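Please open the structure in your viewer and keep the selection tool at hand.

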Amino acid sequence: VEAVHLIADGKAPRIPQPKEGATYEGIQKKENAEISWDQPAAALHNWIRGHDKVPGAWTTINGQVVTFYGSSLLDASVPAGQELAIKGASRPGLVTKNGLVVFGNDGKMVLVRNLQFEDGKMIPASKYFSADETTALELTEEERKIAEDIR
């Protein structure tokens, strides 16, 4: 009641808020979103999901910054997949048909569905090793005629 009366009378103390820590802007920086691999799987999942979409939790794979999106905890046996070395991780990840499986320091797993590279290209994590493959477009005879008419 006393505080309400002080405010009503215009006599309440005014303490300016310090500038440091006064906003969430500081934690929204990309450099603050690097994944620390020495954590249990639940903490890794929370970190990745907590930074999904902006700024995106990231790590270094093959010398390139890769951002992780769309994680979920995986409670199953270790799936078959191709190993992927991740800087700082105690155990390599696995590129599986469902995505990239990464391991916490407790041995439990997190499934990451999408990866984004430094150039902005985003791919399903399951396609990591086939991301560089390109296929040539083959046109039928009719399509070649249409293409020539358009030219």
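**A tour around strand β6**

Begin by selecting Phe103 and Met109: in this predicted model, Phe103 stands opposite Met109 in β6. β5 and β6 run antiparallel and are joined by four bridges. Five residues lie between these strands in their hairpin, where Gly107 has a positive phi near 85 degrees.

Now follow β6 to its pairing with β7, residues 122-124, which is antiparallel and has three bridges. Select Asn114 to find Pro124 of β7 opposite. The hairpin of β6 and β7 has four residues between the strands, and Gly120 adopts a positive phi near 95 degrees there.

Keep Val112 selected and show its contacts beyond the neighbours within four places in sequence: they include Ile48, Phe68, Gly99, Leu100 and Ala125.

The next selection is the largest nonpolar core, which has 21 residues; Phe68, Leu100, Val102, Val112 and Leu115 have the most contacts inside it. Two or more residues come from each of α2 (41-50), β1 (57-61), β2 (64-74), β5 (99-103) and β6 (109-117). Which element gives the most to this core? It is β6, with four residues. A second, separate core has five residues, among them Leu94, Val101, Phe103 and Leu111.

Finally, select residues 29-130, listed by UniProt in an unreviewed entry as "domain: Formyl transferase C-terminal". Over this range the chain is 10% helix and 39% strand, with the end C-alpha atoms 30 Å apart.

Terms used
Residues are numbered from 1 along each chain as its sequence is written. This is a predicted model: local features need pLDDT of at least 70, side-chain atom pairs count only at pLDDT 80 or more; totals for chains, interfaces and linings use all residues. Side-chain values use heavy atoms; hydrogens and water are left out. UniProt positions are given in the numbering used here, feature names are shortened, and annotations may be inferred rather than shown by experiment. A nonpolar core is a set of buried Ala, Val, Leu, Ile, Met, Phe, Trp, Tyr and Cys residues joined through side-chain atoms within 4.5 Å. Buried means under 20% relative accessible area, exposed over 50%, partly exposed in between (1.4 Å probe, protein chains only). Contact means heavy atoms within 4.5 Å. Two strands pair if DSSP finds at least two bridges between them.
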